[in-house]
Amino acid sequence: MRAVLTATPPPRPIDRTALLDEIRQHKRWDVIVIGGGATGLGTALDAVSRGYRTLLVEAHDFAKGTSGKATKLIHGGVRYLAQGNIGLVRESLRERELLLHNASHLVWPLGFVVPSYSHLDTAFYGAGLKLYDAMAGRDSLPGSRILSASEAQSAAPGLAARGPQGTLRGGVLYYDGQFDDARLAIALMRTIIDLGGTALNAMAVRALTVRNGLVCGVALEDTESGERLHAVADCVINATGVWVDAIRRLEDPAALPMVAPSQGVHLVVPRRFLPGSHAVLVPRTNDGRILFMLPWGGHTLLGTTDTARSDLPLEPVPGEAEIDFILSTAARYLAAPPTRDDITSMWAGLRPLVRAGADMPTRAVSREHAIRMSPGGLLTITGGKWTTYRRMAEDTIDHAIRHGLLPPRPCRTAHLRLHGAPEGAGNVYGTDAPHLLALPGADVSLTGGGGLTEAHVRFAARYEQARSVEDVLARRCRLLLLDAASARAAAPAVARILADELEHGPEWITGQLATFAATAQIYGNPSQNCLQGDATGDNTADAIISAGEHNG
């Protein structure tokens, strides 16, 4: 029987001063990873689990960018199968199975209904998804099956009896994985620290250190205190997603771009539009992408678009045309069409697609990752997707070994359970849940109906490196991404508790509330200035801690 590694000891508070001291006192690291998204966190975890002295630095917050704004799916990629990218699908399906085991508190099975409007479509989708099942092998998810029209509507209440191609004739039910992206990022960060690594947010790279033509370290700034630090390493890895080219140009201002960024927009509407436990996948839309309609956090998540961008804002804004496209496409398949007034939150993320031909549309650009080493030894990893983050990390460290930057050591992450992972399914805190409930304020709700409590904020500050109101409301819980108005209402209480934990005064609270209000404006629906109820009775407050309180 295969031995299972574990990295889930009882939680201990994360002391930022002690982490800073690790940088101040370390004469040399084996690996420095720049970037606290999925790729950077995965790479740092791979490195520290092999026994390398590892430092990860993130300029803002873990999963602040693309990695906190995914479609919340751990999947093989049905679209990639249709494109004939068998290798990527096979790799993704293997990684899906590993994540279902290694992070069972954060990744769970989700059924998808693919509606069909002709018996030919039913046969076509059914055959393709049987191939998908076969490629997954004997994993833990159920196999696909053909549905009649009534079965399709029963599996996905809210699906219209008549769609854009005519009367609903049936469909196919298949299974993939769903997850909480930012919570998975936090679990990765905590696992790195459990294993003896150092990971810090609010720590910006201001320059690369180059000696004798080789990159050998980074100049850092603690963005909270302004303190300047320096770290030296045998291997420096650039894993900053869509921003990798900016880091590459710190070494070589003339470096040609690796990334062709693409914006994906998601809209969140009340659960009543898709009240069942299954998702709906629309396989063909006007822009060539799949449209997902997913249950998530007691709401319905609609997305996503694929729009090329040339700029790289830290907080992208959904475009009017993107919003209209998602709403109009969803309206063609749902019995009750959602409108702009129904949007409770909306957000955009930038995908770091590996640059190809200038004329190629972003939906056709490969989702596979790319690793590049500069003449000075800076190792850059970009592209890919959340599902394959572990394999991307393994490839990156293996690449460093092959090029002599690190001594050879085998990868150990395939069967490494992440922090908090229980033996079976559980809530997103996993084995930490009892410790959270023991904190002060576990029975003090901040949202009027349960869900987010004072204890959740204290836990986020003590154990999860939450440094701001946004860190708590956007990534330690997901309220901002589910209901922006509710997040704005909870912000003052969150700020007061966080100030108490981090020992800040009234001026910090005032500044935090102003900053958060500006961010929440991007996510919110301008036509909604107060908290909304939902006729179906779903309770936002009970769902905001995570989309993953159930695992079925």
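Tutor: Start with residue classes: Ala, Val, Leu, Ile, Met, Phe, Trp, Tyr, Cys and Pro count as nonpolar, Asp, Glu, Lys and Arg as charged, and the others, Gly among them, as polar. This is a predicted model, where local features need pLDDT of at least 70, side-chain atom pairs need 80 or more, and totals for chains, interfaces and linings use all residues. Residues are numbered from 1 along each chain as its sequence is written, and side-chain values use heavy atoms, without hydrogens and water.

Student: How many cavities of 30 Å³ or more does the structure hold?

Tutor: Rolling a probe the size of a water molecule over the atoms shows where empty space is left. A cavity is a set of points, on a 1 Å grid over the protein atoms alone, where a 1.4 Å probe fits but cannot get out; lining residues have an atom within 4 Å of a point. Points are joined across faces, edges and corners, and volume is the space filled by probe spheres set on them. Here there are five such cavities.

Student: Which residues lie nearest the centre of the largest cavity?

Tutor: Asn102, Tyr389, Arg390, Thr413 and Leu418, out of 14 lining residues. The lining has seven nonpolar, four polar and three charged residues.

Student: Which helix supplies the largest share of that lining?

Tutor: Helices are DSSP runs (H or I, at least four residues), numbered from the N terminus. H4 gives four residues, the largest share. H2 (38-49), H4 (86-102) and H10 (389-402) each supply at least two.

Student: What volume has the second largest cavity?

Tutor: About 80 Å³. Its 13 lining residues include Arg183 and His419, both among those nearest the centre. Helix H7 (residues 181-194) gives the most, four residues.

Note on methods: On a 1 Å grid over the protein atoms alone, a cavity is a set of points where a 1.4 Å probe fits but cannot get out, and a pocket is an open set with protein on both sides within 12 Å along at least five of seven lines; lining residues have an atom within 4 Å of a point.
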